[in-house]
Amino acid sequence: MEKSFIDSIIGHLTTISTMATLEDAANTKKLTKALINYLKYKTGRENQIVKLTEEIKYVSDLIYVYQVRNENLLECHISIDEECRNIYIPHFTLMSIVENSLIHAFGKVESKWLISIKVENGEEY
């Protein structure tokens with residue numbers, strides 16, 4: 001997708017988020033903001049490295065969008081060892097795994113979904 005198209009969508013979603021604030025529609029605002037964050041993150045940092053905690057924040061936004069979209073069929077557990085929180089990873093490393101699992105693995109599943117992300121400092125790989 002072209003960046004100008006994504007920027008236009010983000011602009012429209014920002015308007016919806018503002019309207020949700022004015023109408024005191026907190027859930028709509030939260031969902032719209034999560035979608036805006038996801039789109040900005042997906043399109044704005046190609047070929048960069050990011051802190052693991054930053055990537056997890058945007059993964060959490062995507063998870064939230066899917067939870068709302070799929071009536072809370074999706075459950076997610078995220079556990080990160082304290083000493084791993086500030087490591088750097090290539091942009092979209094975890095996001096691509098989570099996004100692909102949501103699209104391809106869970107797309108036709110009608111029961112509860114579970115995604116578990118665990119990052120720990122270990123000696124073995």
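## Helix axes and the α2/α3 crossing

Axes here are lines fitted to C-alpha atoms, for helices over the stretch in contact, with angles running from 0 to 180 degrees between N-to-C directions. The model is predicted. In it, the axes of α2 and α3 come within 9 Å and cross at roughly 130°. The two helices, α2 and α3, are therefore oblique to each other. Their crossing is left-handed.

From α2, the contact draws on Asn 27, Lys 30, Leu 31, Ala 34, Leu 35, Asn 37, Tyr 38 and Tyr 41. Facing them in α3 are Glu 54, Glu 55, Lys 57, Tyr 58, Asp 61, Leu 62, Tyr 64, Val 65 and Val 68. By class, the contact of α2 with α3 holds 10 nonpolar, 2 polar and 5 charged residues.

## The α3/α4 crossing

Helix α3 also packs on α4. The axes of α3 and α4 come within 8 Å and cross at roughly 20°. Angles under 35 degrees count as roughly parallel. Helices α3 and α4 are therefore roughly parallel to each other. The crossing of α3 and α4 is right-handed.

On the α3 side, the contact residues are Leu 52, Glu 55, Ile 56, Tyr 58, Val 59, Leu 62, Ile 63 and Tyr 66. They meet Thr 93, Leu 94, Met 95, Val 98, Glu 99, Leu 102 and Ile 103 in α4. The contact of α3 with α4 divides into 12 nonpolar, 1 polar and 2 charged residues.

## The nonpolar core

The largest nonpolar core has 29 residues. Met 95, Val 98, Leu 102, Ile 115 and Ile 117 have the most contacts inside it. Six elements each supply at least two residues of this core: the helices α1 (3–22), α2 (26–44), α3 (52–69) and α4 (93–105), and the strands β2 (74–80) and β4 (113–119). The largest share, 7 residues, comes from α3.

Ile 117 is one of the residues with the most contacts inside the core. Beyond its neighbours within four places in sequence, Ile 117 is in contact with Ile 56, Val 59, His 77, Ile 78, Ser 79, Leu 94 and Val 98. Among these, Ile 56 and Val 59 belong to the α3 side of the α3/α4 contact, and Leu 94 and Val 98 to the α4 side.

## Ile 9 in helix α1

Ile 9 lies in helix α1. Its relative accessible area is 26%, so Ile 9 is partly exposed. Leu 114 is 105 residues from Ile 9 along the chain. The C-alpha atoms of Ile 9 and Leu 114 are separated by 29 Å.

Definitions and conventions: Residues are numbered from 1 along each chain as its sequence is written. This is a predicted model: local features need pLDDT of at least 70, side-chain atom pairs count only at pLDDT 80 or more; totals for chains, interfaces and linings use all residues. Side-chain values use heavy atoms; hydrogens and water are left out. A nonpolar core is a set of buried Ala, Val, Leu, Ile, Met, Phe, Trp, Tyr and Cys residues joined through side-chain atoms within 4.5 Å. Buried means under 20% relative accessible area, exposed over 50%, partly exposed in between (1.4 Å probe, protein chains only). Helices (H or I, at least four residues) and strands (E, at least two) are DSSP runs, numbered from the N terminus. Contact means heavy atoms within 4.5 Å. Angles under 35 degrees count as roughly parallel, over 145 as roughly antiparallel, 65 to 115 as roughly perpendicular and the rest as oblique. A crossing is left-handed if the near helix is turned anticlockwise from the far one by less than a right angle, and right-handed if clockwise. Ala, Val, Leu, Ile, Met, Phe, Trp, Tyr, Cys and Pro count as nonpolar, Asp, Glu, Lys and Arg as charged, and the others, Gly among them, as polar.
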